[in-house]
Amino acid sequence: MRLREARAFLGLWLLTVLGFTECLQTTVRSDKGVMVVVSVSAALPLDQCSVCTVSGVNDTETSCHSSITLPEEEVKLLFNCSQPVENSYTVTLTRTIECTKDTCSPSTIEAQPILSELSRTFTWELKAPEKTVVSLDILGKGLVETSKPCTDGFQYSVATSKTSSKGRSQYCRDGSLTRLDLPDQASVSLQVKPKAQVESMLFQASAGPLKGRTMVVSVDSSTTVTLSRDPEGLECEVCTAEVSPPNCNPTKKTLTKADKLSLEFSCPKPQEMYSVTMMKKIECTKSSCTPAAGEVDPNLFKEFKQSLTWDINVPERTVLTLDFPGGGLKEISGAETCKDGYQYSVSTTRSDGTIKAKNYCKGGKVSTMDLLGATTVTIDVPKDGELEQKVFNVKAAPRGGRMMSVIPDPSTSIIINRITDEPDCSVCINEPPKPICNSKQLRITEPRNISVEFTCPQPQDIFTVEINREIDCTEASCSGDAVQAESSLFPDFNRIFTWDPTFVSTRAFQVDFSKKGMRQIPNEETCPDQQTYSLVSYLRTGPATIGTFCKGGTVTTILGRYRVRLSLEVPRDKKPDPVDFKINVGPEISMAAIVKVNLPRGVSDTDFTTPSYPSDFPDNQQMLWDFTVPGMHNYTVRFQDHTAPECLNGEVGVEYQKEDKKVTKMTLTDAQPVHQQGDFKMLLKNCETNRTLQGLTLNYRVSLMRSGHPVLCTVDLSKRQVSLQIEKVGSDPHCEMSINSKVEEKITVEAGTKASLSFLDCPSEEVRLTASQVIGCKDVTSCSSTLLTVPKLVPCLPMPLHSFTWHLDIPADRTVNLVSRTGLQQSLPGQECNRSVSLHVKERDGFSVGDFCFNGIIQKIQTQANISITARAKDFSKGFRDSLNVSFTQEITETFIYKVAPKASSPMLLATPNWPRGMKPESTVSWIVALPSQYQAQMQIVNISQPKCRDRHTAITVKMLGYEEEIMSRREDEEAQDKLSVPHSFYLNMSNCKPEEGKFGAITKVVLQKKTNLLAILLGIAGALLLLLIILAVVCFVTKKKKKERKDKESSIYIGKGNIFRPGDRHFTKTRSDNESHVYASIDDTMIYGHLLGDTTYADSLQDHYNGMQTDSYQTFTGPSDGQLPVIKEPDPEPELEHFNTFLDPSESFIPSRPRTPIDRQDSLGFQDRRMVDNELYTFKSTGDINPIRLSGVDMEPQPPILEDSL
């Protein structure tokens, strides 16, 4: 077909009507069998870009479209577009190649040279019978497969199927590929850029029967091979010929345990149609794996695209190690692909059942992987890809876990939380019968020894530990109010200590910090020491973070409402160093929180924020800051950042209040206080806000500076013997002291001088004032007794007196005597001084003698050394009331002499000078102990340290005063006597040697005991016993004599009626017989026959029988006093009774009762008449003399011994 092309421009009228900027008109004719489609490629509307057919007389008729299919005849086209024509249109030329089993028509494929000014796409579609292959021999330069655009403007594309996008390949010219073997329905396309010249003849087409491919493969028993084909792709069957007829499958074939198996493909290039998947298994124990490597046959299906997978099974708690030889791997994201086609995938099944997968490419640093759990390794290999036989090595080992024992405190919970996804790890509690494990969170609440086990060796990288303690509070106090962080639990984990106190709803919580205080920081920041504190209050509107704090700052106390949580975050391997918190029950408050702030002295800037900043402050809540400002300082408040809400009800306000002053109300935009003095409170109020908009937030700063008013004081010591020393003891860098306008760190005003002092911003606790006085004794005339007193100092000094020191200087032949009218007491362990005034005595060379206080047992201290006495008192302004007198006497032979007078009320401790650091070498000390009368001393050395002597020996000697004999004497190489009893006042001496090593010192305990006169007690007892024997002998003699007389001449009878006479009565005296005590109330058989029966059970049975008047056993009856018989009226007969009463009631017999006379000695219950004792029945008695026998043993008790004092 010939192309007849003519180019002409339309007339000016057509250009004016259409208004196009680009215009092309041409005449074309398509070849027979070629479908030509011209389309607008630019995204423009039809009126701006179109292709038109021109016809009619003088080309006056046009028909414009966005796309036109050209007929197989000549047609005139007009291209009108507002953009360049070559970039706005595309031309598609499509032709079908018809093939039989051996030929194709046309056999030569040509490209029609048409519309070369435009971009063109030539497409040839192939049709062939089944099992026929169409071969296209490339004429000219060969092709090369590519995935990038071709630079010369000629892009070839081959598709093996119309219905599937798979199997499409792109080629460029100048390659080695000279033939394309394509199946039925395949297509070949050539895309050409505008103005590119295309060769007319491109391919030579031929057809022939489809020839398949046969492969022989071997598959081991641990491998499963699957060949699969896309059903939408070209048809290609795969068959196995081990059976007849062959076993064929058009899309999928699975092979297992095959040895030299023949595979027949129905297509010549099955590698283009099929992909291969190989599955292998590796079984592992806790110590090894079989096989020990992931291996492949490098030549098996090498031409195919392969996917190799290894399933590795491992026991629980086993670590699987994969080692990839050669170059390492590089991890990629899930959406990335490897450019070289080699892509690795490693997936692990975790203990909770989840699967974690990672993808890798070649060329990285990952060569070893430690995996926990069952693992799957997959490698995607491109066609003709090269693989080593050993892809990776695999090892198994017992999984290293970690076990620890914890004992939570009561009311304490331990929560172990996971913070990372990798690696796989669980935490378990070994509870029978089966451990309780969890990979996310585990809570321990029981206060007992619990074994916690982690299934990974480094659990501190995976878990964090929260240690929570609940604190119960009543209306008055909280249990365990001191907040302390337990440092022994999980020390190498990141820990969060939390405290949850519970309060009564009507009371507030109060958190008191230590003196160091806390510093508020933004909520998202961390403290420099990585120990960060936070306080959260659970308001009714939701939780609000009162603040995040670091140690060391101005916040001292926080009060709040409702429930609160205090937390401390501590990083791993860092011991908690918490501020000493105390949680108390505070008063009832009506605001969200109260923060008490103690601003520091000097220049400072302190920032504060509202709760939850930068989030909103809760609606309808108030916040109070209570500031304590040091004296002589000015403060300024600056709002650095704030946001104001839209109020629906109420308004936002700021209120300031000072002591005894009115409240000052301001808004957020008003000027805040500047250069003010004194303590103040700042209250922030919020309204009910529109929560869809920004709420209330505030970040402000309080700046502090010194006001600069020094304290001036003139000290005149020109006429006094006292020196002053003032030094800084605090760390306040703003304290400034000066003497005579010269700034000094330490000021000394000597005795006899005058100085002007200045103190700027120096509080009393930052400086220390001491004073001293020298008392000298140069000769005998100047050595007079002196009373030590503390003189009054000038009142302008802004600090109290801390201590006063007297320096005592004496000649070499003199002795210093210290005497107190109340006595002195040495401060020792177990005998501490708790007085308001203390004395420290030391030698001028710094050797300490000891610490003393008043009201003690030491009456005098003597020493031959120059000493200094330093007095310290809580308040010297009240005067140095306890007098201490100093006198000077002749030289003594001892280094120190103590005169003591112990008290019986308490033990006494005597310590050597400079205890416990030891005495000076070759020094001596003596105690003269005066005991009170009638007391002795028990002496015991309770603590002693002996040196190794180089010269001489240490000695401990005890003598009684007035005696030359030593009752104890010990050296350092002798065992000291533990206890010693001293009966009189004594003398205790201790002397030191010249030590080679060690030190000499001792504490002696003296206890007073009352003396006992044992001889006097024994003599008294012996005399009493002798007197008792004499009395018993006399009694026995008299008793026997009277008994004999009664038997010889006396008897008694009883006459019921008539006169009563008793032979031998000479007179009737009125004694005991005048009363009625002689009348029998009853007769107790045990009293009569008791000495004969001996059985007391009979007497017991009769105790309750008689209930008459209580009388003695026998009462004497002498008859009427006038000698006449009384007229007795006989009583009426009485009814028979169960018991026969031998005697009448005293009220019914003889005469009426008479008034009782005073009871004589014989009338007592403890008295018994000897005259009745001799009668067997105790019935009769003589009228002889009364012989008393004591029935009671009271008077026979031994008399107490006669003590020495009574003598």
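**Strands, disulfides and rings**

Mentor: Strand β1 and strand β6 (residues 75-81) run antiparallel and are joined by 7 bridges. Strands (E, at least two residues) and helices (H or I, at least four) are DSSP runs, numbered from the N terminus; two strands pair if DSSP finds at least two bridges between them. This is a predicted model, in which local features need pLDDT of at least 70 and side-chain atom pairs count only at pLDDT 80 or more, while totals for chains, interfaces and linings use all residues. Residues are numbered from 1 along each chain as its sequence is written, and side-chain values use heavy atoms, with hydrogens and water left out.

Trainee: Which residue in β6 is the bridge partner of Gln25?
Mentor: Strands of a sheet pair through backbone hydrogen bonds, either parallel or antiparallel. Here β1 and β6 run antiparallel. The partner of Gln25 in β6 is Leu78.

Trainee: What is the order of the strands in the open sheet of 4 strands?
Mentor: The pairing in this sheet is antiparallel, and its order is β1-β6-β3-β4. Its edge strands, each pairing on one side only, are β1 (22-28) and β4 (61-65). With axes taken as lines fitted to C-alpha atoms (for helices over the stretch in contact) and angles running from 0 to 180 degrees between N-to-C directions, neighbouring strands of this sheet are turned against each other, direction ignored, by an average of 25°.

Trainee: How many residues of strand β28 (residues 343-349) are buried?
Mentor: Buried means under 20% relative accessible area, exposed over 50%, and partly exposed in between (1.4 Å probe, protein chains only). By that criterion strand β28 is mostly covered, and the number of its 7 residues that are buried is 5.

Trainee: In β31, which residue is the bridge partner of Tyr344?
Mentor: Strand β28 is joined to β29 (residues 355-364) by 7 bridges, the two running antiparallel, and Ser345 has Asn359 as its bridge partner in β29. The hairpin of β28 and β29 has 5 residues between the strands, and Gly353 there takes a positive phi near 95°. Strand β28 also runs antiparallel to β31 (residues 375-381), with 6 bridges between them. In β31, the partner of Tyr344 is Ile379.

Trainee: Is the disulfide of Cys284 and Cys289 right-handed or left-handed?
Mentor: A disulfide is a pair of cysteine sulfur atoms within 2.5 Å, and by this rule the count comes to 17 disulfides. The sulfur atoms of Cys284 and Cys289 are 1.9 Å apart, and both residues are buried. The torsion about their S-S bond is about 110°, so the disulfide is right-handed.

Trainee: How many residues apart in sequence are the parts that Cys735 and Cys762 tie together?
Mentor: A disulfide joins Cys735 to Cys762, with 2.0 Å from S to S. Cys735 lies in the loop between β60 (722-728) and β61 (736-739), and Cys762 in the loop between β64 (754-760) and β65 (767-776), so the separation in residues is 27.

Trainee: What is the angle between the planes of Phe513 and Phe549?
Mentor: Rings of Phe, Tyr and Trp (its six-membered ring) pair if their centres lie within 6.5 Å; planes under 30 degrees apart count as stacked, over 60 as edge-to-face and the rest as tilted. The structure holds 24 aromatic pairs. Phe513 and Phe549 form a tilted pair, 6.4 Å centre to centre, and the angle between their planes is 45°.

Trainee: Over which ring does the charged end of Arg173 sit?
Mentor: A charge sits over a ring if NZ of Lys or CZ of Arg is within 6 Å of the ring centre and within 35 degrees of the ring normal. One such case is Arg563, over the face of Tyr538 at 4.2 Å from the ring centre. For Arg173, at 3.9 Å from the centre, the ring is that of Phe154.
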